[in-house]
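Thanks for coming. I have one structure to go through today, so let me put it on the screen.

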Amino acid sequence: MKQLTVLRRNVANVIIGILKPQDVAVEYYCTYLNEIKSAVEEFNENAQCVNVVKELIKDQSLHSNLVYITTNFGFLPHAITQLEKRGETLAKSIGIVLEAKQKLEEANGEVAKLILEKCNRVFSKNNGWAELQKVNSIHNGTALNVNVEQYDSNDLVYMKYAPITSVDVERSFSMYKNILAPNRMSFNESNLTTYMVKNSFFNI
């Protein structure tokens, strides 16, 4: 009975789009599809989200599609999570991206080809990615004669931990939004500086 209650709660979370951080949605759906179908059919609520899910799980191709996605693209959520970590070296971050790209090249099917083509187009248009690869080649000693005149030696050293995503920027937006909330009316230059320093140390 307890197991069924937990499953129903998980199914409800699936319907409204909530999963635990360690759960990968497509893998969860693929693994527990039959249990999810059984639990959803027991829901008597006439809510639109429940009715939509009931219609979706009747689709005979759903199981095959979930298996295809999990088999060929199940690595992507983990790769994205790794890239969101703080303090990763440039070499490790680039390695994660290159490994994901290699797995995309090994994926099967027309959908995989389309995704790989889109991926290659994005990389080819991203000048910043090319620059970071040049810097990384200097860091790992594989290419010492690359043209990076726009950076001095100190810049290149500090770029050892250069982030390749905008996650840190987005985190800072959230942090500053909380700091400059409407109820923060007593800040002055002194205590705002102290608050910012404490936040910086907390987030290191």
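Some ground rules. This is a predicted model, in which local features need pLDDT of at least 70 and side-chain atom pairs count only at pLDDT 80 or more, while totals for chains, interfaces and linings use all residues. Residues are numbered from 1 along each chain as its sequence is written, and side-chain values use heavy atoms, with hydrogens and water left out.

The overall make-up, then. The protein chain has twelve helices and zero strands. Helices here are DSSP runs of H or I with at least four residues, strands are runs of E with at least two, and the numbering starts at the N terminus. Of the 204 residues in the protein chain, 25% are buried; buried means under 20% relative accessible area, exposed means over 50%, and partly exposed is in between, with a 1.4 Å probe and protein chains only. The accessible surface of the protein chain is about 14600 Å², and carbon and sulfur atoms hold 56% of that. Those areas come from the Shrake-Rupley method with a 1.4 Å probe, and for residues only the protein chains shown count as cover. Now contacts, meaning heavy atoms within 4.5 Å. Taking those in the protein chain between residues at least 6 apart in sequence, 56% join residues at least 24 apart.

Next, the cores. A nonpolar core is a set of buried Ala, Val, Leu, Ile, Met, Phe, Trp, Tyr and Cys residues joined through side-chain atoms within 4.5 Å. Which members of the largest one touch the most other members? In that core of 21 residues they are Phe 73, Leu 90, Ile 94, Leu 104, Leu 132, Val 135 and Met 159. At least two residues of this core come from each of helix H6 (76–83), helix H7 (90–106), helix H8 (110–125) and helix H9 (127–139). H7 gives the largest share, six residues. Another core lies apart from this one; it has five residues, among them Tyr 28, Ile 36, Val 53 and Ile 57.

On to the helix pair. Two packed helices are described by the angle between their axes and the distance between the axes. For H7 and H8 the angle is about 145 degrees and the axes are 9 Å apart. Axes are lines fitted to C-alpha atoms, for helices over the stretch in contact, and angles run from 0 to 180 degrees between N-to-C directions. On the H7 side the contact is made by Val 97, Lys 101, Leu 104 and Glu 105, and on the H8 side by Ile 115, Leu 116, Cys 119, Asn 120 and Phe 123.

Now the single residues. Cys 119 counts as buried because its relative accessibility is 16%. Beyond residues up to four places away in sequence, Cys 119 touches Lys 101 and Leu 104.

Leaving aside neighbours within four places in sequence, Ser 93 is in contact with Leu 83, Glu 88 and Ile 164.

Last, Lys 54, which is found in helix H4 (residues 48–56). Lys 54 also counts as buried, at 17% relative accessibility. With neighbours within four places in sequence left aside, its contacts are Val 40, Glu 41 and Phe 43.
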